[in-house]
Amino acid sequence: MVLVLPLLLLLLGSSPTTRAADDHTSSHAACSRHSVISPPQHGSWVPLYRHLGPCSPPSSFTGAAKKKPPSLADLLRQDQLRVDHIHRRLSESGEDFGVSKEGSSVKDPLRFEAAYLHDQPVIQVLLGSQPKSSDKQQQQSQVGVIQTVVLDTASDVPWVQCVPCPIPPCHTQTDTFYDPTKSSTYDPVSCGSPACAQLGRLYSGGCASDHCQYRVRFPNSNVSSSSGAYATDLLAVGPGAQITFRFGCSHADANTDDADHGGGGGGDNVTAAGVMALGGGPESLASQAAGTYGPAFSYCIPAAGSRRLGFFVLGGAPGAGGGVSSSQYVATPMLRYQRVPTFYRVRLLGIAVNGQLLNVTPSAFAAGAVLDARAAVTRLPPTAYAALREAFRGWMAAYTAAPPPKGGLLDTCYDFAGAFFVVPPRIELVFERGNVLELDRTGVLFHDCLAFAANRDDRMPGIIGNLQQQTMEVLYDVGAGAVGFRRGAC
């Protein structure tokens, strides 16, 4: 077990009270001064940021600050691509959720994986053992390079962009690019090895010079969002031990000519180094790290626009009275798909508005809801959404209604000009076993619209997006088969 070096401790912090944020920008320094984060006292943790938010890491903030923020229409379009991607994967697996392979409302869902990097939850990790300098005394200090990566709970294969990058440049972050030739601990996975075979039909990219290749494909497409060598190297997530980590070393991305959409191969909105997959498949970081840290992980995503920091905790097998069994958490069983173990799912039984339970039959929620850290707007069965919308409009009758934005996703919007203060109604999710979770008020409205939308069919699984998850710790206790929510964690 290799100890993480002082650079990582300085970068990522050793406790909520002693961590000092980098002050490369006044905005980020202000975030440090006003941040309140309370990660649980187990596992290994790092700060979590919204990708284009005011507390974004200086390495990506510098690039992001020069860019024009994505329009609401673009963000909603990308959000729908994300949801369609999840539904399409489930449909193609043979699961029956009322959506056919040709049923997607999005005709071209091929830009999703690398393109959707708008205001995502990101963390910084250290990858490899590339020395920081050539000084002989520091050669023994195998530091690695900082990589800003997007957390993804609905994918399995972690990947980062590697040198050499495709042309145009693969991404515009100011982190040091990961160069496998400079890391003494980099090791390509060989063809015929169990790790290569584990990629299976879905993620295998074949072989090249007896080196295993990976490929992250989109459903119904031969185009990959990310492909290259499948390899191992050291990874450090927070002040603790490094682990030997399998990941995709990407040398090619789809949509290199699609800068307007922020494609992985050169879009102006791409400022992260890659994707840190946390899905339930054996390839994910969560699965790989379970032996070292325990079969669990959690995160807290700060509210959009907030100057507070969130956190990501890898592992954490808490002792007696801890974990989802703690009174701090609203707990519910974790449901899994047999054919698609990637996704983590929970089951809603109802929704309440200002304490009044909506008149929706529990059968409307039978398909469950996938937890997703990257989708923004929560999707509900149409029957449930119609009831929520009606109740919400009733409680908001004192405010002036406004036309919905383009795209048709959000349909209950308001003009709050002149309003002294805005108090949306309290919304609570009732989970299996009757446990009730009150959403933070910041997760109720999005761009002055109700932050929920309807699926096309009640048989399709819902999606619980990051707007509704924000400010609370979401604990995935995979070992116990449960999910816990702790309010006010960041």
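Me: Why does D152 count as buried?

Reply: The relative accessibility of D152 is 0%. The cut-off for buried is under 20%, so D152 counts as buried. Keep in mind that this is a predicted model. D152 sits in strand β3, which covers residues 145-152.

Me: What does the UniProt annotation "active site" cover?

Reply: In the UniProt record, an unreviewed entry, that label covers D152 and D372. The two are spread over 221 residues of sequence, yet they cluster in space, with a largest C-alpha distance of 7.4 Å.

Me: Where is D372 found, and is D372 buried or exposed?

Reply: D372 is in the loop between β18 (369-371) and β19 (378-380). Its relative accessible area is 0%, and buried means under 20%, so D372 is buried.

Me: Which residues is D372 in contact with, leaving aside neighbours within four places in sequence?

Reply: Among them are R82, I86, D152, T153 and N466. With R82 there is also a polar contact of 2.6 Å between the side chains. The limit for such a pair of N or O atoms is 3.5 Å, so a value of 2.6 Å falls within it.

Me: What makes Y178 and F247 an edge-to-face pair?

Reply: Take it in two steps. A pair of aromatic rings is described by the distance of the centres and the angle of the planes. The centres of Y178 and F247 are 5.8 Å apart, within the 6.5 Å limit, so the rings pair. Their planes are at 75°, which is over 60, so the pair is edge-to-face. By this rule the count comes to 12 aromatic pairs.

Me: Which parts of the chain does the pair of Y178 and F247 link?

Reply: Y178 belongs to the loop between β4 (159-161) and β5 (187-188), and F247 to strand β9 (residues 243-253). These are distant parts of the chain, 69 residues apart. Y178 has a relative accessible area of 1% and F247 one of 0%; both values are under 20%, so both residues are buried. Ring pairs also link Y178, Y186, F245 and F247 into a cluster.

Me: What lies over the face of Y337?

Reply: That is R345, at 4.3 Å from the ring centre. The distance limit for a charge over a ring is 6 Å, so 4.3 Å passes that part of the test.

Me: What can be said of the chain as a whole, and how many of its residues count as buried?

Reply: Of the 490 residues, 60% count as buried. The chain has 10 helices and 29 strands. Among contacts between residues at least 6 apart in sequence, 70% join residues at least 24 apart.

Conventions: Residues are numbered from 1 along each chain as its sequence is written. This is a predicted model: local features need pLDDT of at least 70, side-chain atom pairs count only at pLDDT 80 or more; totals for chains, interfaces and linings use all residues. Side-chain values use heavy atoms; hydrogens and water are left out. Rings of Phe, Tyr and Trp (its six-membered ring) pair if their centres lie within 6.5 Å; planes under 30 degrees apart count as stacked, over 60 as edge-to-face and the rest as tilted. Helices (H or I, at least four residues) and strands (E, at least two) are DSSP runs, numbered from the N terminus. Buried means under 20% relative accessible area, exposed over 50%, partly exposed in between (1.4 Å probe, protein chains only). A charge sits over a ring if NZ of Lys or CZ of Arg is within 6 Å of the ring centre and within 35 degrees of the ring normal. UniProt positions are given in the numbering used here, feature names are shortened, and annotations may be inferred rather than shown by experiment. Contact means heavy atoms within 4.5 Å. A polar contact is a pair of N or O atoms within 3.5 Å; within protein, one must be able to donate a hydrogen and the other to accept it, and residues adjacent in sequence count only if both atoms are side-chain atoms.
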